[in-house]
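Thanks, everyone. I'll keep this short. Have a look at the chain first, then we'll go through a few places in turn.

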Amino acid sequence: MQHAAVLEMGRDLRDCIDLPAALAEAGLNWEVELRKIYQGIEYVPTLPTYVMINDFRAVVRTDLDRVLGIVSDDYKAVQNHQAMSPFSDLIATGTELKYHRGGELKDGRLVFMVLEVVDLLMEPVRGDKLQAYLLLTSSHSGERAIGLQLVAERGLDGSMLILPHQLLAKVSRVSVRHTKNAEARLNQAQEILTQAIFAFEEFEEMTAEFAGRLVGFDEWKSLLNEVLPIKKGDKESARTKTYHEVLTKLFMSSRLPGVAGTRWGALTAFMAFANEHRSCRGGAAGRLDSLWFGGNNALLQKTLELL
């Protein structure tokens, strides 16, 4: 995965052959624990009293003694090695999945691993290839559960796209369970991967269809206004107009047959815009978070729906 934010935030795991090595190389070989929370109350100015806050616990990263989040007392902490383990037995076979990159965002509040689907290259247009990845994420702040995303990365510019929700839903119906039985883990991982490959193949068919459909000027302007509407009197209207200009330049820049002037070209323009050109808070970490879960992901999902 060549996207700049992933390269900056993650570490190269391609030489790792098992989960302990991948966790160590990614800097994820640490644990969290739940601790009680106390509030100081000064009944006497010189003699503070501490009262436990019921119903809540602090999630503490033990190696740094750092609080990552405040959660309800029924929250179950999931360690990094548990969250990243569903595919470890399948990766050990070395034939279908392999470790690619991994790391943390927000001081460890979110951890991730990117797994490459071996030999799965989508090519909606000759010379325009997309590599398939599985993205595993886990949150220690209580904001999100363990997540599995399907990611396509475009080789020409390194821009990435989370596959449409309706395709991911087919994979999400396969339960991810923690089990000590090696055979059961392997079967579970194989089932998920099989469904993921079907989803990637369906996405390739969708994008190939996009490549065969031209987009006229009026349709392009309509798409811009649907995805990024300009509201009169809005403080952001000037910025949105600039975004429209950037997107139009990106859309018109390709000369590759099947990309230039097509729906696939429109989607790749929005991908490049969201990945590199749209302003985003928080640097590389903020851009990754936005592309995977936030505003930029929502923008690309809306574009897909409209196309």
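Start with Thr93, which sits in helix 4, residues 88–93. One reminder before going on: this is a predicted model. Is Thr93 buried, exposed or partly exposed? Its relative accessible area is 41%. Buried would need under 20%, and exposed over 50%. So Thr93 counts as partly exposed. Now look across to Asp18. Thr93 and Asp18 are 75 residues apart along the chain. Their C-alpha atoms are separated by 9.9 Å.

Next, a helix pair. Two packed helices are described by the angle between their axes and the distance between the axes. Take helix 8, residues 237–253, and helix 9, residues 263–277. Their axes come within 8 Å. They cross at roughly 125°. Helix 8 and helix 9 are therefore oblique to each other. The crossing of helix 8 past helix 9 is right-handed.

Which residues make the contact? From helix 8, we have Tyr243, Val246, Leu247, Leu250 and Phe251. From helix 9, there are Gly265, Ala266, Ala269, Phe270, Ala272, Phe273 and His277. By class, this contact has 10 nonpolar residues, 2 polar and no charged.

Last stop, helix 10, residues 283–292. How many of its residues are buried? The count is 9 of 10, so read "buried" here as under 20% relative accessible area. Helix 10 is mostly covered. Its buried residues include the charged pair Arg287 and Asp289. Trp292 and Gly286 are also among them.

That's the tour. Over to you.

Key. Residues are numbered from 1 along each chain as its sequence is written. This is a predicted model: local features need pLDDT of at least 70, side-chain atom pairs count only at pLDDT 80 or more; totals for chains, interfaces and linings use all residues. Side-chain values use heavy atoms; hydrogens and water are left out. Buried means under 20% relative accessible area, exposed over 50%, partly exposed in between (1.4 Å probe, protein chains only). Helices (H or I, at least four residues) and strands (E, at least two) are DSSP runs, numbered from the N terminus. Axes are lines fitted to C-alpha atoms, for helices over the stretch in contact, and angles run from 0 to 180 degrees between N-to-C directions. Angles under 35 degrees count as roughly parallel, over 145 as roughly antiparallel, 65 to 115 as roughly perpendicular and the rest as oblique. A crossing is left-handed if the near helix is turned anticlockwise from the far one by less than a right angle, and right-handed if clockwise. Contact means heavy atoms within 4.5 Å.
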